[in-house]
Amino acid sequence: MFLLLRDLRRARRDAALPRGPRGALQLRHVDAGSCNGCEHELGAASGPAYDLSRFGISITASPRHADVLLVTGPVTGGMRVALERAYEAMSEPRLVAALGDCALGCGPFRRSPEAAGRLEDVLPVDVRIAGCPPSPDAIAAGLIPLLDRRAGAG
């Protein structure tokens, strides 16, 4: 295996082929109280048909390993503290992405007494991906530019 990888690297260098993705982006997903529609589309975006991993974007289990906090759903009173703790656990530079109309404060739950407001009222939001739910294409289109932004920061 090692010899195969070494030969592949040499062949790429000799042919001056592009070296692959610009970098990687680790997402920590937090469901702050959604109906699971956005989670379904995020699962589709991560699946074999759309395959976010081909761009170097993957989902991590820990906020300590994440570059982006990806939030779905309206921020409920019960999830506000957990969301703030996840944000504080991330290292700098950290980004926040609001996925779906509920996280943006304009979804069907915006007037719910349990909603603590828009994600933007709780955390600084860098990326807004609209839709109820947003399509896998919209999710990819919203996240891929973060690769360049992340590369510029580091």
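Me: Which residue forms a salt bridge with glutamate 120, and how far apart are the closest N and O atoms?
Reply: In this predicted model, the partner of glutamate 120 is arginine 128, and their closest N and O atoms are 2.1 Å apart.

Me: Buried or exposed, or something in between, for glutamate 120? And what about arginine 128?
Reply: Glutamate 120 has 35% relative accessibility and therefore counts as partly exposed. Arginine 128, at 44%, is likewise classed as partly exposed.

Me: Which residues do salt bridges with shared partners join into one network?
Reply: The network consists of Arg118, Glu120, Asp121 and Arg128. Within this group, the side chains of aspartate 121 and arginine 118 meet in a salt bridge of 2.9 Å, N to O.

Me: How accessible are aspartate 121 and arginine 118?
Reply: Aspartate 121 counts as partly exposed, with 43% relative accessibility. Arginine 118 also counts as partly exposed, at 36%.

Me: How many salt bridges does a search of the whole structure find?
Reply: The search returns five salt bridges. One of them links the side chains of arginine 94 and glutamate 92, at 3.1 Å from N to O.

Me: Is arginine 94 buried or exposed? And glutamate 92, buried or exposed?
Reply: Arginine 94 counts as buried because its relative accessibility is 16%, and the cut-off for buried is under 20%. Glutamate 92 counts as exposed because its value is 58%, and exposed means over 50%.

Me: What ring does arginine 94 lie over?
Reply: Arginine 94 lies over the face of tyrosine 87, at 4.0 Å from the ring centre.

Me: Staying with rings, how many aromatic pairs are there?
Reply: The count of aromatic pairs is zero.

Me: Changing topic: in what order do the strands of the sheet run?
Reply: The sheet is open and has five strands in the order 2-1-3-4-5, with parallel pairing. Its edge strands are strand 2 (57-59) and strand 5 (127-129), each of which pairs on one side only. On average, neighbouring strands are turned by 25 degrees against each other, with direction ignored.

Me: How many bridges join strand 1 to strand 2?
Reply: Strand 1 (residues 25-31) and strand 2 run parallel and are joined by three bridges. Leucine 27 has isoleucine 59 of strand 2 as its bridge partner. Between these two strands the chain passes through helix 2 (residues 37-46), and this β-α-β crossover is right-handed.

Me: How many bridges join strand 1 to strand 3?
Reply: Five bridges connect strand 1 to strand 3 (residues 68-72), again in a parallel arrangement. Aspartate 31 stands opposite threonine 72 of strand 3.

Me: And what about strand 4 and strand 5, over how many bridges do they pair?
Reply: Strand 4 (residues 95-99) pairs with strand 5 over three bridges in the parallel sense. There, alanine 97 has valine 127 of strand 5 as its bridge partner.

Me: How far apart in space are arginine 85 and proline 63?
Reply: Their C-alpha atoms are 9.2 Å apart, while arginine 85 and proline 63 are 22 residues apart in sequence.

Methods. Residues numbered from 1 in each chain as written. Predicted model: local features only at pLDDT ≥ 70, side-chain atom pairs only at ≥ 80, totals over all residues. Heavy atoms only, no water. Pairing = 2+ DSSP bridges. Helix = DSSP H or I, 4+ residues; strand = E, 2+ residues; numbered from the N terminus. Axes fitted to C-alpha atoms, helices over the stretch in contact; angles between N-to-C directions. Phe/Tyr/Trp six-rings, centres within 6.5 Å; stacked < 30°, edge-to-face > 60°. Lys NZ or Arg CZ within 6 Å of the ring centre and 35° of its normal. Right-handed = clockwise from strand over helix to strand, strands pointing away. Salt bridge = Lys/Arg side-chain N within 4 Å of Asp/Glu carboxyl O. Buried < 20%, exposed > 50% of the residue type's maximum accessible area, 1.4 Å probe, protein only.
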